[in-house]
Amino acid sequence: MLLFIGKRLLGAVLLLFVISALMFVLFFMIGDKRHPIGATFTGTQGQFGTHGSLARQYGEFVGNILLHGKLPASAHQRQPVTTVIWKTLPVTASLVVGGTIFFLLISFPIALLSALRPRSLLDKGLMLFVLVGLCAHPVWLSLVFSYVFGVELHWFPVAGYCDLAYDAKNSSSQCGGPRFWAYHLFLPWATFAMMFTALYARMIRASLLEVMNEDYVRTARAKGLGAFRVMRSHVLRNALLPVVTMIGMDIGIAFVGAIFIEDIFELPGMGSLLVLSISRVDLPTILGIVLTVSVFVVVANLIVDVLYPLLDPRVRLTGKGDRIAASRSLRRQLRTQRREATETAS
């Protein structure tokens, strides 16, 4: 197990180095004379703080990030880029994590009710309801929720953000605390949840139906176990495996949706910062955001790979290289089911 984790960790580190190399070359090449982002290959020193050959510039660039946490300086930011990103990161993390919990709380009851009554009017009605969220654009959903629940009903604020831990001296907002934090994020969470509820509800429903037809489930029912106990002890745990995999795969997609939601609800997160940086052609800030998101995607998939043997004893570490048996086939199955769900919605 330790050997497997070590190899997975080494693979994640190598992947991060590949991503950083691609970002270095990409942002170096798109920099022009008006918006230079780094040094030229001829040896002059630029915003990367590097000089010499391309390999040496890349080595110094990675060293500045790993050893000093330093990104290229931005002419549009009064503070270092790393400081600006760290200030916006909690806002985006609050939106993504809270929205993920939100759509899981919605998806599981819908999938459970649909699986218990497959092909019934209840099943078809629930699937039709969640497909609306899949078809709707997050900008449209944000505007509708903001107008209905904010402007008309006055239930929630239409914009703004409150810090989770309020500090009158260092807080960037005028309010804070868990209550106001959740109060201002409820509509963004609801919008975020609608983007993923349909896919996860359909995936969990399909997984529940598949597990409920297994021999060990039928044996448990034949022994006289109640439906609730069979569902809790034998079905739900096995149905969680595709959900864990999908969450790891959807981290990057979640950030794309967060860009639109933060822009509409005026949340000072990484999405709003990215939109502003693009309008300013602020390449150092864009580079920092892309690298930060890439790190979170790689770390999320690493956590998923490590959790698999712990969640399901049937998934063993076998073969040369201690790879997870059936992990790749499950990922292919998830992609196929996701594509089918999208085609059904369209």
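Colleague: Tyrosine 147: buried, exposed or partly exposed?

Modeller: Partly exposed. Tyrosine 147 has a relative accessible area of 46%. Keep in mind that this is a predicted model.

Colleague: Which helix is tyrosine 147 in?

Modeller: Helix α5, which covers residues 138-152.

Colleague: What does serine 142 touch, leaving out residues up to four places away in sequence?

Modeller: Thr191, Ile261, Ile264 and Phe265.

Colleague: Switching to rings. How many aromatic pairs?

Modeller: The count is 11. One of them joins phenylalanine 149 and tryptophan 155. Their centres are 5.8 Å apart, with 35° between the planes, and the pair is tilted.

Colleague: How accessible is phenylalanine 149?

Modeller: Phenylalanine 149 is at 26% relative accessible area, so it counts as partly exposed.

Colleague: What about tryptophan 181 and tryptophan 189, and why is that pair edge-to-face?

Modeller: Their ring centres lie 5.3 Å apart. The planes stand at 75°, and edge-to-face applies because the cut-off is over 60 degrees.

Colleague: Are those two tryptophans buried or exposed?

Modeller: Both come out buried. Tryptophan 181 has 16% relative accessibility. Tryptophan 189 has a relative accessible area of 11%.

Colleague: Which rings link into a cluster?

Modeller: Phe102, Phe156, Tyr183 and Phe186 are linked by ring pairs.

Colleague: Now charges. Which ring does the charged end of arginine 179 sit over?

Modeller: The ring of phenylalanine 180. The distance to the ring centre is 5.4 Å.

Colleague: How many salt bridges?

Modeller: The count is one. Arginine 205 and aspartate 123 form it through their side chains, at 2.8 Å from N to O.

Colleague: Which helices does that pair link?

Modeller: Arginine 205 is in helix α6, residues 178-212. Aspartate 123 is in helix α4, residues 121-135.

Colleague: How far is the C-alpha of phenylalanine 4 from that of valine 306?

Modeller: The C-alpha atoms are separated by 8.4 Å. Along the chain, the two residues are 302 apart.

Colleague: And contacts in the whole chain? What share comes from residues 24 or more positions apart?

Modeller: 67% of the contacts with a separation of 6 or more.

Colleague: Give me the overall make-up. How many helices and strands?

Modeller: The chain has 12 helices and two strands. From the N terminus, the order is α-α-α-α-α-α-α-α-α-α-α-β-β-α.

Colleague: What fraction of the residues is buried?

Modeller: Buried residues are 44% of the 346 in the chain.

Conventions:
Residues are numbered from 1 along each chain as its sequence is written. This is a predicted model: local features need pLDDT of at least 70, side-chain atom pairs count only at pLDDT 80 or more; totals for chains, interfaces and linings use all residues. Side-chain values use heavy atoms; hydrogens and water are left out. Rings of Phe, Tyr and Trp (its six-membered ring) pair if their centres lie within 6.5 Å; planes under 30 degrees apart count as stacked, over 60 as edge-to-face and the rest as tilted. Buried means under 20% relative accessible area, exposed over 50%, partly exposed in between (1.4 Å probe, protein chains only). A charge sits over a ring if NZ of Lys or CZ of Arg is within 6 Å of the ring centre and within 35 degrees of the ring normal. Helices (H or I, at least four residues) and strands (E, at least two) are DSSP runs, numbered from the N terminus. Contact means heavy atoms within 4.5 Å. A salt bridge is a side-chain nitrogen of Lys or Arg within 4 Å of a carboxyl oxygen of Asp or Glu.
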